[in-house]
Amino acid sequence: MAYDGKVTVGGPPAVRELAGLVLTKVAVGPMDNDAYLLRCRETGEQLLIDAANDAETLLGLLDDGPLVRVVTTHRHGDHWQALAAVVAQRGAATAAHIDDAPGIPVPTDEPLRDGDLITVGTCTLEVIHLVGHTPGSITLLYDEPAGRPHIFTGDSLFPGGVGNTHGSKQDFESLINDVEHKLFDRLPDPTWVYPGHGNDTTLGTERPHLPEWRARGW
């Protein structure tokens, strides 16, 4: 079945074969969080993005290869409910942006900053810091060899707009500016967007709506 990025809590994961990586997406928990497992096709190393909830489901995605790292996209509690259990079971390192790490109750082994590179086997992800949903929200960029870029945006970018900035005009301006300049200005329309909740999208689908998002203020 072709990958469409549509998953439901309790339903089967969606699997996508990329150059260098196998991507598995699953929905977990009462807030329908998306979690993403990346497995290096060459080495078998695995990386989990957001151990959001339901450790049993997340651990069930893993094969016998090492889980080298769990990256938390931001400090909000619905994105790390299963982090302690997954790390305890598989011994993975934890990673989060340095500004959000104090708000995550599981200690962060690898404090991240904008521009840092994270490896999983022979593949590399770039950390992009987007300030506004939280002070330390990050997106992870995988620039697929001979393919399209892929970005894992947490709660900073969704189909239809940027993440919730809880009524703060300053936080909204920060987030919309970072999203526009660090994502839309840099990356092409085919860039695939994997958000922290819900369905996937592309930058090309969302790009025409940036002025509308700015005008409405959320």
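Colleague: Let's start with Arg69. Is Arg69 buried or exposed?
Modeller: Arg69 is buried, because its relative accessible area is 12% and the cut-off for buried is under 20%. Keep in mind that this is a predicted model.

Colleague: OK, and which residue does the side chain of Arg69 meet in a salt bridge?
Modeller: That would be Glu110, at 2.6 Å from N to O. The two come from distant parts of the chain: Glu110 is in strand E7 (residues 110-112) and Arg69 is in strand E5, 41 residues apart.

Colleague: And how accessible is Glu110?
Modeller: Glu110 has a relative accessible area of 25%, so it counts as partly exposed.

Colleague: How many salt bridges turn up in the whole structure?
Modeller: A search finds 12. One of them joins the side chains of Glu17 and Arg41, at 2.2 Å from N to O. That pair also links distant parts of the chain, with Glu17 in strand E1 (residues 14-17) and Arg41 in the loop between strand E3 (33-40) and strand E4 (46-49), 24 residues apart.

Colleague: Where do Glu17 and Arg41 stand on accessibility?
Modeller: Glu17 is exposed, with a relative accessible area of 54%. Arg41 is at 45%, so it counts as partly exposed.

Colleague: Which residue forms a salt bridge with Lys182?
Modeller: Asp114 does, with the closest N and O atoms 3.7 Å apart. Asp114 is in the loop between E7 and strand E8 (117-120), while Lys182 is in helix H3, 68 residues apart. Both are partly exposed: Asp114 has a relative accessible area of 42%, and Lys182 has 26%. There's also a network, where salt bridges that share partners join Lys25, Asp34 and Asp200.

Colleague: Since you mentioned H3, what span should that helix have?
Modeller: H3 has 16 residues (169-184), so at 1.5 Å a residue it should span 22 Å. Its end C-alpha atoms are 21 Å apart, which agrees.

Colleague: Which residues of H3 are buried?
Modeller: Phe172, Leu175, Ile176, Asp178, Val179, Glu180, Leu183 and Phe184.

Colleague: What's the strand order in the open sheet of 6 strands?
Modeller: The order is E8-E9-E10-E11-E14-E15, and the pairing is mixed. E8 and strand E15 (201-202) are the edge strands, each pairing on one side only. E8 and strand E9 (residues 123-129) run antiparallel, joined by 4 bridges. Thr119 stands opposite Thr124 in E9.

Colleague: Changing topic: where does Trp80 lie?
Modeller: Trp80 is in the loop between strand E5 (67-71) and helix H2 (83-90). Its relative accessibility is 18%, so it counts as buried.

Colleague: What does Trp80 touch, leaving out residues up to four places away in sequence?
Modeller: Its contacts are Ala51, Ala52, Thr72, His74, Arg75, Gly103, Ile104 and Pro105. The side chain of Trp80 also reaches the backbone oxygen of Arg75, at 2.6 Å.

Colleague: Last one: how many Å apart are Trp80 and Leu125 in space?
Modeller: They're 20 Å apart, C-alpha to C-alpha, and 45 residues apart in sequence.

Methods: Residues numbered from 1 in each chain as written. Predicted model: local features only at pLDDT ≥ 70, side-chain atom pairs only at ≥ 80, totals over all residues. Heavy atoms only, no water. Expected span 1.5 Å × (residues − 1). Buried < 20%, exposed > 50% of the residue type's maximum accessible area, 1.4 Å probe, protein only. Contact = heavy atoms within 4.5 Å. Polar contact = N/O pair within 3.5 Å; in protein donor to acceptor, adjacent residues only side chain to side chain. Salt bridge = Lys/Arg side-chain N within 4 Å of Asp/Glu carboxyl O. Pairing = 2+ DSSP bridges.
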